[in-house]
Amino acid sequence: MKVDVILGLQWGDEGKGKIVDALTPQYDVIARFQGGPNAGHTIEFDDHKIILHTIPSGILHKNTVNIIGNGVVIDPVILLKELRVVQTYNPTATDTLFISKRAHLILPIHRALDACYEKSKGDAKIGSTLKGIAPTYSDKYNRKGIRVGDILRQDFVEKYNQLTAEHLKIISLYDFDILQHRIDGIPFKEYEQRWFEAIEEMKVMQFIDTEIYLNEALAAGKSILAEGAQGTLLDIDFGAYPFVTSSNTICAGVCSGLGIPPTKIGKVYGIFKAYCTRVGSGPFPTELFDDTGAMLQKIGNEFGSTTGRPRRCGWLDLVALKYAVMINGVTDLVMTKADVLSSFEILKTANAYTINKENITYLPFDLNESIVEPIYDDIQGWNQQVDTINDIAEIPLELKNYITFIEKNVNVRISLLSLGPNRKQTFNL
Ligand code: GDP
Ligand code: IMO
Ligand code: MG
């Protein structure tokens, strides 16, 4: 058996949560390989809506094992809060949820540092979710982070105090009052208390060597789906640095974030919205600042699942999509939110950019500093409601043409189509 992968091809929020949940009945194991509570993965079924941040999106299915891999960073307070919600749907969730001992912990001081660094950047801020992602991964690479497996060690509190004290010295160099600082509305000192309470509660959860579990599961013929967070254009190496997140969101992240050999990667599902969105700062070549952009935001309900911030909206960018397909070796495309385009007579897709009077068809290194003019193709819209469709045979010809146009440009088949947030609104092509 091989490990299939599903990951975002744009700037995140492509609908990964919805699609992972819809695919889960086909898999024995769902495994998150990177990111942390900066993610917000939405699942809707019947009249329920649930947003997951750290727990994999297969957790609502009782017979599936869910793994939080070594590449993920965990805030115990957020994890426990999320678990309580999950347990209202799946009371035995902790029986089938395994956490890597090697996953790093987000400490309250990491969250404070995130806020401190963002504040110090002023207008040049990244627009971080302020979940402590960059400081936690920095400590990991600095070889001083604290891992889930350390929770059970005698010197855990000592390690915590040491690392916190070290960062407090750094914070004191900034115009930042730690005692006045609030994390999710809670004063820093009180958040620390809650953090330790959450650590105690976490002790009943199953910490294991997930790389061994996963490789043994593969050998035993189990089917595994690796779930990505964020998107390729936020990747630490291939996004428009520094407007990126702090992990490898791309397919290579599955190998390092779960301990899966590259030779064991199977299908790579690349998921994209039928248009583009981005939350936070950074370049976005097809961004729309007009009524069309406002309409996409309104109809698509484009507000961050984690922070509630409005998402910037624009037309589908095929230059960026092709780049993402290349980097990930995508074998199957998944297109979501085509229903949001139902009221547009004409759709646009960017097939090239003009930068400094030169036409280019790839994402340049200096995207941040460049004035990018997208070159658009006009495509006839379907201009009718599609979210009520029950059978794929009912989709309008113009939507079929939009699909074929994208497939031809990107050279990969779209094998799944999502026409609404609900589990049921998912179709094989
Ligand atoms: P993720 O981070 O990739 O899991 O995506 P988010 O959950 O942050 O954002 C996607 C949003 O779009 C959520 O509110 C989903 O419920 C919703 N969604 C997913 N697929 C579709 C779709 O095909 N159509 C519509 N209208 N909404 C969708
Ligand atoms: P999901 O998994 C959309 C963005 C932030 C910011 C940048 C860095 O739901 O698709 P960070 O908190 O990681 O330091 O923020 O990345 N960002 C996301 N945008 N969806 C996400 O996750 C994101 N996770 C981080 O807005 O611009
Ligand atoms: Mg999201």
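Modeller: The second largest pocket holds about 560 Å³ of space, and bear in mind that everything here comes from a predicted model. Its lining is made up of 28 residues. Those nearest the centre are Thr42, Glu44, Arg311, Lys337 and Pro421. By class, the lining splits into 6 nonpolar, 12 polar and 10 charged residues. As for secondary structure, helix H1 (16-23), strand E3 (41-45) and strand E4 (48-52) each put at least two residues into that lining.

Now for where it sits. Your pocket lies between domain 1 and domain 3, because both of them give residues to its lining.

For comparison, have a look at the largest pocket, with a volume of about 870 Å³. There the lining runs to 46 residues, and Ile126, Ser128, Val244, Thr245 and Ser246 are the ones nearest the centre. Helix H3 (108-121), helix H4 (133-141) and helix H5 (156-171) are the elements that give two or more residues to this lining. H4 gives the most, with 7 residues. The class count for the largest pocket is 18 nonpolar, 19 polar and 9 charged.

While you have H4 and H5 on screen, check the loop between them, which is where Arg143 is placed. Arg143 has a positive phi of about 65 degrees, although it is not a glycine. With a relative accessible area of 78%, Arg143 is exposed. Asn383 is another non-glycine residue with a positive phi, near 50 degrees. You'll find Asn383 in the loop between strand E20 (372-380) and helix H11 (397-410), and at 37% relative accessibility it counts as partly exposed.

There's a backbone detail at Pro242 too: the peptide bond from Tyr241 to Pro242 is cis, with omega near 5 degrees. Pro242 belongs to the loop between strand E12 (224-227) and helix H8 (252-258).

On to the cysteines. Searching the whole structure turns up 0 disulfides. Cys255 is in none, and the nearest cysteine sulfur, in Cys251, is 6.5 Å away. For Cys313, the closest cysteine sulfur is that of Cys276 at 9.6 Å, which is too far for a bond. Cys313 has 3% relative accessibility, so it counts as buried.

One last stop is Thr354, in strand E18 (residues 346-355). Leaving out residues up to four places away in sequence, Thr354 touches Asn359, Ile371, Val372, Glu373 and Ile375. Thr354 and Ile371 are 17 residues apart in sequence, yet their C-alpha atoms are 8.3 Å apart in space.

Note on methods: Residues are numbered from 1 along each chain as its sequence is written. Chains are lettered from A and ligands numbered from 1 in the order in which they are written. This is a predicted model: local features need pLDDT of at least 70, side-chain atom pairs count only at pLDDT 80 or more; totals for chains, interfaces and linings use all residues. Side-chain values use heavy atoms; hydrogens and water are left out. On a 1 Å grid over the protein atoms alone, a cavity is a set of points where a 1.4 Å probe fits but cannot get out, and a pocket is an open set with protein on both sides within 12 Å along at least five of seven lines; lining residues have an atom within 4 Å of a point. Grid points are joined across faces, edges and corners, and a volume is the space filled by probe spheres set on the points. Helices (H or I, at least four residues) and strands (E, at least two) are DSSP runs, numbered from the N terminus. Ala, Val, Leu, Ile, Met, Phe, Trp, Tyr, Cys and Pro count as nonpolar, Asp, Glu, Lys and Arg as charged, and the others, Gly among them, as polar. Domain bounds come from an automatic or database domain assignment. A disulfide is a pair of cysteine sulfur atoms within 2.5 Å. Buried means under 20% relative accessible area, exposed over 50%, partly exposed in between (1.4 Å probe, protein chains only). Contact means heavy atoms within 4.5 Å.
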